[in-house]
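Here are a few notes to read alongside the model on your screen.

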Amino acid sequence: MRLEDREAIRDVIGAYAHAIDRRRWDMMEQLFHIEATFGFGEISGSWKDFVASARAIIDPCLATQHQLGQVQFAFAEGPGGEVLCHTETYMTAVHTVPAGYPETDVFPDRSRIYSAVIAGRYVDRFECIRGDWRIMHREGLYDWREFREVDGVDLSQMPAGSCGYHDDRDPSFPVVERWRG
């Protein structure tokens, strides 16, 4: 399709990573069609169900950062003549997990701060409805994960913002304002 379509889709993929990392959960409704579905690991259902589960997993983390890699695009025509795009996006996510982390089925509580590194892929089906590309279905796949010990972390000695801001103090706020609900 057009270069503009690819860039619109790439913007949604990037905005999703930003929303997770900055805890801007209100942005999600701009990224998914209302009837969209999502599956990742043991979680599957509506995108709203996934966001609720993701909040429980991500919010207790001290910091998260998703790095996005290559994106493969496959445009197609849907059964009703609509334009679809299937994508596969590689990602690596690092989560700084605190001592006493509550979601032990996701990240074990190790009684100290550590990093959980996850590598995987997002396999998406995008649909363009009324000129608006959004995710209709996302399947998250784990390729590998590992836990890395972090020695000698004293959060009181770290500069302000070193774990990222999860509110309007973050300097990226004006850049992504268009995605907010």
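Which residues form one aromatic cluster? Tyr16, Phe32, Phe38, Phe40, Trp47, Phe50, Tyr122 and Tyr142 do, and several of them come back below.

1. Ground rules. This is a predicted model, where local features need pLDDT of at least 70 and side-chain atom pairs count only at pLDDT 80 or more, while totals for chains, interfaces and linings use all residues. Residues are numbered from 1 along each chain as its sequence is written, and side-chain values use heavy atoms, with hydrogens and water left out.

2. Overall layout. The protein chain has two helices and six strands, taken as DSSP runs numbered from the N terminus (helices: H or I, at least four residues; strands: E, at least two). From the N terminus on, the order is α-β-β-α-β-β-β-β. Of the 181 residues, 40% are buried, meaning under 20% relative accessible area with a 1.4 Å probe and protein chains only (exposed is over 50%, partly exposed in between). Among contacts (heavy atoms within 4.5 Å) with a separation of 6 or more, 62% join residues 24 or more positions apart.

3. The sheet. The six strands make an open sheet with mixed pairing, ordered S2-S1-S6-S5-S4-S3; two strands pair if DSSP finds at least two bridges between them. Strand S2 (43–46) and strand S3 (63–77) are the edge strands, each pairing on one side only. From one strand to the next, the twist averages 15 degrees. For such angles, axes are lines fitted to C-alpha atoms, for helices over the stretch in contact, and values run from 0 to 180 degrees between N-to-C directions. Strand S1 (residues 32–40) pairs with strand S6 (residues 132–149) in the parallel sense over five bridges, and Phe38 stands opposite Arg138 in S6.

4. Helix on sheet. Helix H1 (residues 3–22) lies across S1, S3, strand S4 (83–97), strand S5 (114–129) and S6. Relative to S3, H1 runs at about 155 degrees.

5. The core. The largest nonpolar core has 38 residues, and Tyr16, Met28, Phe32, Phe107 and Phe126 touch the most other members. Such a core is a set of buried Ala, Val, Leu, Ile, Met, Phe, Trp, Tyr and Cys residues joined through side-chain atoms within 4.5 Å. Two or more residues come from each of H1, S1, helix H2 (47–58), S3, S4, S5 and S6, with H1 giving the most, seven residues. Leaving out residues up to four places away in sequence, Tyr16 touches Met28, Leu31, Phe32, Phe38, Phe50, Tyr122 and Arg138.

6. Aromatic pairs. Rings of Phe, Tyr and Trp (its six-membered ring) pair if their centres lie within 6.5 Å; planes under 30 degrees apart count as stacked, over 60 as edge-to-face and the rest as tilted. By this rule there are 13 aromatic pairs. Phe32 and Phe38 have ring centres 5.8 Å apart and planes at 45 degrees, so the pair is tilted. Phe38 and Phe50 are stacked, at 3.6 Å centre to centre and 5 degrees between the planes. Phe38 lies in strand S1 and Phe50 in helix H2, so this pair ties together parts twelve residues apart in sequence. Both Phe38 and Phe50 are buried.

7. Cysteines. A search of the whole structure finds zero disulfides, defined as pairs of cysteine sulfur atoms within 2.5 Å. Cys85 is buried, with a relative accessible area of 0%, whereas Cys128 is partly exposed at 25%.
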